[in-house]
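Here are a few exercises to work through with the structure open beside you. Try each task before you read its solution.

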Amino acid sequence: MSALLEMRAITKTFPGVKALDNVNLTVKEGEIHALVGENGAGKSTLMKVLSGVYPAGSYDGEIHYDGALAQFGGIADSEKRGIIIIHQELALVPLLSIAENIFLGNEQAASGIINWRETFLRTEDLLKKVGLSEAPTTLIDSIGVGKQQLVEIAKALSKDVRLLILDEPTAALSESDSQALLDLMLELKAQGVTSIIISHKLNEVRRVADTVTVIRDGGTVSTMDARTEDITEDRIVRDMVGRDMAHRYPARTRRAGDMLMQVSDWNVWHPEHQDRQMIRDVNLDVRAGEVVGIAGLMGAGRTELAMSVFGRAYGRNISGEVRMHGKPADVSTIDRAIAAGLAYVTEDRKSLGLILEETIQRNITLANLRDVSAHGVINEAEESKVAETYRGAMNIRTPSVFQKVMNLSGGNQQKVVLSKWLFAGPEVLILDEPTRGIDVGAKFEIYNIINDLSAQGKGVIMISSEMPELLGMCDRIYVMNEGALVGELTAEEASQERIMSLIVTE
Ligand SMILES: Nc1ncnc2c1ncn2[C@@H]1O[C@H](COP(=O)(O)OP(=O)(O)OP(=O)(O)O)[C@@H](O)[C@H]1O
Ligand SMILES: [Mg+2]
């Protein structure tokens, strides 16, 4: 197989950061090439250089594509050559239909008039290719992230793709949606499409990749060929983090203390569809020092449960009681929930967790400005000190805490969200997919932080779609399905099989 793409000695600097330092990447025609590395290693930046988001002239080094030097002035240039990138953060327009999104900027029109018949027919055809049966007129807003991701691929296919770049396509997907997406990648490969996939899920990488390139600190560390050698997860991890990682989960000492939080008879209805009950008669509790998991499939209602408890941030006609230390607690607004000792770390860092245009520093102190203020005035020196502490503890990769959050890599943004809620000093921390998009090394750091919190007597509720993570970290696991708790397992009783069987038999 010959090389379709050769990126040679690519160097890219941002003010204060050398994001890429002489990176080399060779991708052969027709293969699936995985690009892996820690948060902030430079993966997304490298793909933005390739696709012209960062145009020729804004980086050093050379891109050779299809046998010739390529100098893309923008995304349109690379698209013309069949290079299509699907970014880490989806870019669909929520209130437009699937068809409108697919042909946005590439309208099926003659003399300025859109041919809707043609648009719909082509959309149907493309949707079939990616395994979706939705109508082309369906609003993007009304389908789940898994399907949105497939629509992005359908959109890519509408443009004669030759090299498809997927930046963490399965980060927000359920197990079954992820499988569907990976199957589609393999199918496209059979049709001759070359792909580059960025992922922190190393089992997925092993499943689809023909070649794996590891980058660390902006440089290429290794390239492995699955056709000639056995690429184990351990080996990838070693190259990623620069050392052996014997365990993925730190050891935990169990210590369930006094009752900390109790939620009883919790019922929640859908905010718009008043006849749809989203949460049914939920009863759960957390003791001091306990890490309690909530397992369930995507759409089981875990996020809705957490958000409705945290200041009624979700739902209508909410009924039920929350007790802290045995006494009824007022959690009717987010401010009151925080005052009652709760914190909720959201899975959706873009819309709920962070102010992207603000500095790292301000984002960290945002939920607890009181502790860095005197007489209503923020003490910025104090604020910086706090931010620096978390930057060190969480290993947030950034030249300075004055950096805007939008300039951080995805995983480092997630660490800022977590820092913010740790600084709020809660008694019970609800973590909703806390390690989504986070590399293996940083995951371990976050697990250590969770263990520290529980050692201090705090309660942690952990919602995660990664069952191994729940099994590795939790003292007790509730299983949720269709808005109700359908089972509860101790750490000893819990296994992936038992959790799944509780979900399917209910
Ligand atoms: N526009 C920007 N301005 C300043 N720094 C940036 C910008 N974009 C990226 N960086 C920095 O460049 C480095 C590489 O970031 P990049 O987004 O490529 O990482 P990544 O490997 O994709 O990480 P993740 O797995 O977390 O998504 C990081 O230190 C990041 O903070
Ligand atoms: Mg990235």
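**Exercise 1. Find which residues the ring pairs link into a cluster, then examine the pair of phenylalanine 310 and tryptophan 421.**

Solution. Keep in mind that this is a predicted model.

Step 1: Ring pairs join Phe310, Tyr344 and Trp421 into a cluster.

Step 2: Count the pairs in the model: there are 6 aromatic pairs.

Step 3: Classify one of them. In the pair of tryptophan 116 and phenylalanine 120, the ring centres are 5.7 Å apart and the planes meet at 35 degrees, so this pair is tilted. Both residues belong to helix H4 (residues 116-129), and being 4 residues apart there, they are separated by about one helical turn. Tryptophan 116 is partly exposed, with 37% relative accessibility, and phenylalanine 120 is partly exposed too, at 28%.

Step 4: Now turn to phenylalanine 310 and tryptophan 421. Their rings are 5.7 Å apart from centre to centre, with 90 degrees between the planes, which makes the pair edge-to-face.

Step 5: Phenylalanine 310 sits in the loop between helix H9 (302-309) and strand E16 (316-324), while tryptophan 421 is in helix H14 (residues 410-423), so the pair ties together parts that are 111 residues apart in sequence.

Step 6: Check the burial of each residue, using the cut-off of under 20% relative accessible area. Phenylalanine 310 has 5% and so counts as buried; tryptophan 421, with 7%, is buried as well.

**Exercise 2. Decide whether the radius of gyration of the protein agrees or disagrees with that of a compact globule.**

Solution. 

Step 1: For 506 residues, a compact globule would have a radius of gyration near 23 Å.

Step 2: Compare. The protein has 24 Å, which agrees.

Step 3: Along the principal axes, the C-alpha atoms fill a box of roughly 70 × 50 × 50 Å.

Step 4: Of the 506 residues, 52% count as buried. Among contacts with a separation of 6 or more, 67% are between residues 24 or more positions apart.

**Exercise 3. Describe the secondary structure, the surface and the charges of the protein.**

Solution. 

Step 1: The secondary structure comprises 17 helices and 24 strands.

Notes. Residues are numbered from 1 along each chain as its sequence is written. Chains are lettered from A and ligands numbered from 1 in the order in which they are written. This is a predicted model: local features need pLDDT of at least 70, side-chain atom pairs count only at pLDDT 80 or more; totals for chains, interfaces and linings use all residues. Side-chain values use heavy atoms; hydrogens and water are left out. Helices (H or I, at least four residues) and strands (E, at least two) are DSSP runs, numbered from the N terminus. The radius of gyration is taken over C-alpha atoms; the globule rule is 2.2 Å times the number of residues to the power 0.38. Buried means under 20% relative accessible area, exposed over 50%, partly exposed in between (1.4 Å probe, protein chains only). Contact means heavy atoms within 4.5 Å. Accessible areas come from the Shrake-Rupley method with a 1.4 Å probe; for residues, only the protein chains shown count as cover. Lys and Arg count as positive and Asp and Glu as negative; His and the chain ends are not counted. The place of a charge is taken as NZ of Lys, CZ of Arg, CG of Asp or CD of Glu. Rings of Phe, Tyr and Trp (its six-membered ring) pair if their centres lie within 6.5 Å; planes under 30 degrees apart count as stacked, over 60 as edge-to-face and the rest as tilted.
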